[in-house]
Amino acid sequence: MSEPSAVVTARGADRIAGGHLWIYRSDVRSAKAEAGDVVRVTDARGRLIGRAFWSDRSQIALRFLTVRDEPVDRDFLARKIRAAAAFRGKVVADTECWRVVHGEADLLPSLIVDRYGGYLVIQTLSQGTEKRKQELVEILVEQFAPRGILERNEPKARALEGLPQIVSVLYGEVPDAVDAVMNGVRFRLDLRGGQKTGAFLDQRENYRAAAQYAFGEALDCFSYQGGFALHMAGAAASVECVDSSGEALAAARANAELNGVSNVGFREGNVFDILKEYDQAGRKFDTVVLDPPAFAKSRTALEAAARGYKEINLRSLRLLRPGGVLITCSCSYHLSEARMGELLWEAAVDVRRQVRVLERRGQSRDHPALLTVPETFYLKCMILNALD
Ligand code: SAH
């Protein structure tokens with residue numbers, strides 16, 4: 001039986017030479033493969049480009065695992081996972097939960113592995129990793145000896161691959177609530193139903209930064225289960241969590257109780273309305289956090305999203321007392337760091353305040369970005385200081 005294969009155009013080959021890991025379907029000339037196979041990829045003259053996962057559905061037809069002439073077998077996957085874990089050993093500290101494998105940035109495209117204490121949560125987001133799911137589970141059991149492995153396979157990306165949405169236990173047992181401490185703060189997490197795989201692990205280092213700058217009266221907008229709020233509660237006099245989801249606020253309240261914190265309040269509502277209300281009422285804060293969901297889910301949605309980002313940032317800057325701090329995030333890949341900087345600049349001009357940049361931050365280091373795959377850098381977090 002011959003090895004599954006694909007032949008790509010010169011433009012496709014150039015993308016890989018340029019360091020990207022994806023080739024789109026329009027740059028595939030032909031393929032002899034089944035959904036999810038690892039294929040040997042060549043150019044039209046038969047020169048080897050590398051080996052990649054083949055998808056027979058997605059616009060992203062090929063996701064590269066290697067540009068060398070080496071087999072992509074169980075041993076290959078085990079080596080890559082071991083390397084990913086070893087890197088986390090260097091950059092992850094003071095937490096019981098972190099991302100062990102971050103897809104493309106660990107050269108394991110479309111595989112996510114998050115660790116919460118003794119439990120692992122995985123996502124297999126393409127036909128390639130889906131096909132090897134059982135093998136991946138075996139490797140994870142060998143390397144990490146978890147008590148349980150859960151698949152949170154309901155991201156929309158799976159639909160583009162023709163894969164079903166599934167949440168199920170693949171190994172051992174996974175309880176309904178898992179406690180994990182990060183940066184000294186305890187969270188009760190719902191790995192089955194919580195956002196992402198249970199928590200916003202990509203914000204973990206930004207939580208710690210927020211705790212360093214927070215003071216006085218703090219406002220945590222889009223608070224979800226209180227990630228920023230509970231980190232700031234020790235340094236601020238009070239923190240108000242705002243979220244449109246009562247369920248999210250109930251989780252935040254439970255987390256506050258778990259930590260014996262009593263200076264955190266909760267307000268259910270739309271952040272846009274509440275910021276407007278506070279602004280019109282002349283209400284002031286010393287610290288504001290903005291961590292909205294991705295407003296720009298596509299490039300075409302960017303302009304409307306940019307207006308939304310500008311509005312909440314402008315109002316937040318106006319709410320700050322002199323010396324106040326704004327911690328402002330965007331997880332929209334389509335809103336570049338440069339564009340976000342422009343929006344904040346415009347907002348500062350509109351409110352007639354001098355604003356100092358204290359830090360430009362991104363996703364936590366266990367969610368690294370690949371220099372030549374811009375899609376892997378998505379989370380921006382700017383820490384600003386309103387001077388006068
Ligand atoms: N800061 C959180 C993550 C925020 S996720 C953390 O670190 O854990 C985004 C949150 O925004 C969700 O909880 C969602 O319920 C809430 N949300 C979305 N749109 C909103 C709106 N217009 N007003 C208030 N909350 C909103």
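1. Ala145 sits in the loop between helix H4 (133-144) and strand E10 (148-153), where helices (H or I, at least four residues) and strands (E, at least two) are DSSP runs numbered from the N terminus. Its phi is near 45 degrees, a positive value in a residue other than glycine. With a relative accessible area of 61%, Ala145 is exposed; the terms used here are buried for under 20% relative accessible area, exposed for over 50% and partly exposed in between, with a 1.4 Å probe and protein chains only.

2. On provenance, this is a predicted model, in which local features need pLDDT of at least 70 and side-chain atom pairs count only at pLDDT 80 or more, whereas totals for chains, interfaces and linings use all residues. Residues are numbered from 1 along each chain as its sequence is written, and side-chain values use heavy atoms, with hydrogens and water left out.

3. Ser110 also has a positive phi in a residue other than glycine, near 65 degrees. Ser110 belongs to the loop between strand E7 (97-102) and E8, and it is buried, with a relative accessible area of 5%.

4. Arg63 counts as buried because its relative accessible area is 8%, and its side chain is joined to that of Glu161 by a polar contact of 2.7 Å. A polar contact is a pair of N or O atoms within 3.5 Å; within protein, one must be able to donate a hydrogen and the other to accept it, and residues adjacent in sequence count only if both atoms are side-chain atoms. Not counting residues up to four places away in sequence, the residues that Arg63 touches include Trp22, Phe53, Glu104, Ser110 and Glu161, contact meaning heavy atoms within 4.5 Å.

5. Ile112 lies in strand E8 (residues 111-116) and is buried, at 9% relative accessibility. Leaving aside residues up to four places away in sequence, Ile112 touches Arg99, Val101, His102, Gly103, Val121, Ile122, Gln123 and Leu125. Ile112 and Thr197 are 85 residues apart in sequence, yet their C-alpha atoms are 9.5 Å apart in space.

6. Six strands form an open sheet of mixed pairing, in the order E2-E6-E5-E4-E1-E3, where two strands pair if DSSP finds at least two bridges between them. The edge strands, each pairing on one side only, are E2 (22-24) and E3 (28-32), and neighbouring strands are turned by 30 degrees against each other on average, direction ignored. Within this sheet, E4 (residues 38-43) and E5 (residues 48-54) pair in the antiparallel sense over five bridges, and Leu48 in E5 is the bridge partner of Thr42.

7. Helix H8 (residues 246-258) has 13 residues and reaches 18 Å from its first C-alpha to its last, close to the 18 Å expected at 1.5 Å a residue, the expected span being 1.5 Å times one less than the number of residues. Its buried residues are Ala248, Leu249, Ala252, Asn255 and Ala256. Seen down the axis of H8, these fall within an arc of 115 degrees, so they line one face of the helix; the arc is that of the directions from the helix axis to the C-beta atoms. That face packs against strand E13 (185-189), helix H7 (227-232), strand E15 (238-243) and strand E16 (264-268), while Glu247 and Glu257 are exposed on the other side.

Technical notes:
Axes fitted to C-alpha atoms, helices over the stretch in contact; angles between N-to-C directions.
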